[in-house]
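User: Could you show me how to read helix packing and a sheet in a model like this one?

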Amino acid sequence: MYRLHGFFTQNTMKTLYVLEALGVDYEFCFVDLMQRENRTESFMKKPPIGKVPVLEHDGEYLCESGAICRYVSTIEKSPLFPADKLERARVDQWMTFFSCHPGRWLTEIYFEKIIKPKANLGETDPVACERAENFVHQQFLPLERRFEFTDWLANDAMSTADVFALAYMEQVHAIDFPLNDYPRIQEWVGRLEALDSTTRARARVQPYAQAMMS
Ligand SMILES: N[C@@H](CCC(=O)N[C@@H](CS)C(=O)NCC(=O)O)C(=O)O
């Protein structure tokens, strides 16, 4: 049995999408970041980083969304994280690409446009948004070309990398990032959003997100 401590933003969503796609049994424990529940003494006894998501499994704690996704995918021996070394490396490659490049910049725009005003962290910075948008466009161009040849990021079938990346991609809705020039990327996101596992993951956080963001 797994227990996931998390919020409703992209780092937690990566792990929720992966846990649901793997079909594992887990408990979700909401950590209210607005109330600084991640900085309480008891939470800081988990990995002392004070950030979510945190996975609890067999009495051990693990943080960092990518590490959690790889760990559970490995434990479950899932085809979503193939045993073949090269295929697995390709999954890893795309997870890292999303974390370091388009995901990083989409998250920056989300922070500027959504989190800052909501959490009273100051004005949205238009210069930071424009810079981040330019980086996203730079990275979406080769991604769009890639989807001319394949339906999924890493190999011939959907993998942990695709559902992991959805957590970054779905931010485009909230930040009004235009995908008009990227029809294949839109189709890929549509395939991921249509999964039952995506619906189940969203249902886990929806009551908390609705209460806080409305
Ligand atoms: N690299 C980490 C980032 C974790 C992270 O920054 N989590 C944010 C929420 S999305 C957090 O806990 N922020 C609260 C804080 O820093 O006090 C991951 O991928 O899990």
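Analyst: Happy to; we will take the helices and then the sheet. This is a predicted model, where local features need pLDDT of at least 70, side-chain atom pairs count only at pLDDT 80 or more, and totals for chains, interfaces and linings use all residues. Residues are numbered from 1 along each chain as its sequence is written.

User: How are α1 and α2 placed relative to each other?

Analyst: Two packed helices are described by the angle between their axes and the distance between the axes. Here the axes of α1 (residues 10-22) and α2 (residues 65-75) come within 9 Å and cross at roughly 10 degrees. The two helices are therefore roughly parallel (angles under 35 degrees count as such).

User: Which residues of α1 and α2 meet?

Analyst: Asn11, Lys14, Thr15, Val18, Leu19 and Leu22 of α1 meet Ser65, Ile68, Cys69, Val72 and Ser73 of α2; contact is counted when C-beta atoms, placed from the backbone, lie within 7 Å. By class, this contact has 6 nonpolar, 4 polar and 1 charged residues.

User: What is the strand order in the sheet?

Analyst: The open sheet of 4 strands runs β2-β1-β3-β4, with mixed pairing; strands pair if DSSP finds at least two bridges between them. β2 (26-30) and β4 (60-63) are the edges, each with a single partner strand, so one side of each has no neighbour in the sheet. From one strand to the next, the twist averages 20 degrees.

User: How many bridges join β1 to β2?

Analyst: There are 5, and β1 (residues 2-6) and β2 run parallel. Tyr2 stands opposite Tyr26 in β2.

Note on methods:
Axes are lines fitted to C-alpha atoms, for helices over the stretch in contact, and angles run from 0 to 180 degrees between N-to-C directions. Angles under 35 degrees count as roughly parallel, over 145 as roughly antiparallel, 65 to 115 as roughly perpendicular and the rest as oblique. Two residues are in contact if their C-beta atoms, placed from the backbone, lie within 7 Å. Ala, Val, Leu, Ile, Met, Phe, Trp, Tyr, Cys and Pro count as nonpolar, Asp, Glu, Lys and Arg as charged, and the others, Gly among them, as polar.
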